[in-house]
Amino acid sequence: MSIIIAIIIFGLLIFIHEIGHFLLAKKNGIRVVEFSIGFGPRLFSFDKGDTKYSLKLLPFGGACQMLGEDYYGEEEVDLDHENSFESKSVWARIAVILAGPLFNILLAFLLALVVMGIVGYDEPVVTYVEEGSPLYDAGVRSGDIITEFNGADVTLARELMLELYVNPLNGETITLKYERDGKEYEVTLKPENKKTYALGITYMATEAPAELEEITEDGAFAKAGVKKGDVITSIGGVRISTGAELNSYFREHPLSEKELECVLTRDGKEYTVNVTPVYGGESYVLGFNYNTARVKVGAVEAIKYSVSEIKYQIKSVIKSLGLLFKGKLGADDFTGPVGIVDIIDDTYQASREDGALYVFLNIANITLLISANLGMMNLLPIPGLDGGRLVFLLIEAVFRKPVPKKFEGVITAACMIAIMLFAVYVMFNDIRNLF
């Protein structure tokens, strides 16, 4: 089932991207020679008008082949045909190339509307402030809504999470803006250096049972034999009924080197383990927790937060590329089709017990993320991608003279080879990670 879902997602993303090129080409009077979904041998095709429509074997790509679009010869052979790509104005060609990535971003926005309309957005509200912590001393309290962190706007809780990931806390002073009762406040504070401990678990701080969604390898719970999907019902002698109660327990009882007795259930059977939190070294903290759950909103607000979702996705791509150029991310951090299929499978397996609606919402959220990333990555100024073609067209627009086609072809071919080699590396890396 997961493979079928993955093929549907890939097909949808490719179709939306290529239909963007297709519609703008038709709008500008350019003949589309072939519109295809997939690569490799044709499974079937048909002709309508002056265009061949094809479905091909490999569902990881597609094409909107326009008349004269990829001619890189030394002579302009019949490219002034009134229906050819090259015969159109530079701005018409820019619009055609830009349409593909923008349609992917538009799809991401429409999916965000669906998700926001049903489950809402992750409000960046403070849920706990440790007494005596830097944030507490600065006057921030539970219930305050963070609106800006160190100069970065915060509308979604994930934007705050992104900033903390990209720019980890250190000894430097930070600024924070928050809202309380409709009024905005700004504070300046220095993070505190503290010893940290971890149990190696992930769970949702909701009113649902405290089910463990992830178990960190070599973490305290993993060493005790606890498995993903087990439910914590008691910890440190305190009865736990929900993820929210477990979260409250950890707020009131910060982890230390002290051993904890935990009672869990697995397949309806109860068992007890003793776990010792793992020392994680010293790190800088502000002493607070913030909401990561969704808050339902009305129709107008759903539109507003869907725009914020797209802004967040764009920022994620830009900041991730920044980490790549700084050497903080490497090739092993990329995921290709194989890795995406694995993510889809994990998501489907984890949500199917909650019903069709939750499966749909989780799959829609993944599709949203991939579509926004596909759109942004395609805009990178790399020959072989839409962004690279836009660079050549913008040079033509500025200097009023096209880049020599043979030169463009050589550069594009070289970059395409590099892109394909990188894609093969990512694919084999994904396969290796499966085992």
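Here is a short chat about this predicted model.

Visitor: What should I know about the model and its numbering?
Guide: It's a predicted model, where local features need pLDDT of at least 70, side-chain atom pairs count only at pLDDT 80 or more, and totals for chains, interfaces and linings use all residues. Side-chain values use heavy atoms, leaving out hydrogens and water, and residues are numbered along each chain, as its sequence is written, from 1.

Visitor: How many helices and strands does the protein have?
Guide: Both are DSSP runs numbered from the N terminus: H or I of at least four residues for helices, E of at least two for strands. Counted that way, the protein has eleven helices and 16 strands.

Visitor: Which residues make the nonpolar surface patch of about 790 Å²?
Guide: Areas come from Shrake-Rupley with a 1.4 Å probe, and for residues only the protein chains shown count as cover. Strand 1 (32-48) and strand 2 (51-66) each give two or more residues to this patch. Its members are F39, L43, F44, F46, L55, L57, L58 and F60.

Visitor: Is F39 buried, partly exposed or exposed?
Guide: F39 is found in strand 1. Buried means under 20% relative accessible area, exposed over 50%, and partly exposed in between. At 44% relative accessibility, F39 therefore counts as partly exposed.

Visitor: What share of the 435 residues is buried?
Guide: With that under 20% cut-off for buried, the share in the protein is 41%.

Definitions and conventions:
Patches are made of residues with over 30% relative accessible area and no salt bridge: like charges are joined within 9 Å, nonpolar side chains (Val, Leu, Ile, Met, Phe, Trp, Tyr) within 5 Å. A salt bridge is a side-chain nitrogen of Lys or Arg within 4 Å of a carboxyl oxygen of Asp or Glu. Buried means under 20% relative accessible area, exposed over 50%, partly exposed in between (1.4 Å probe, protein chains only).
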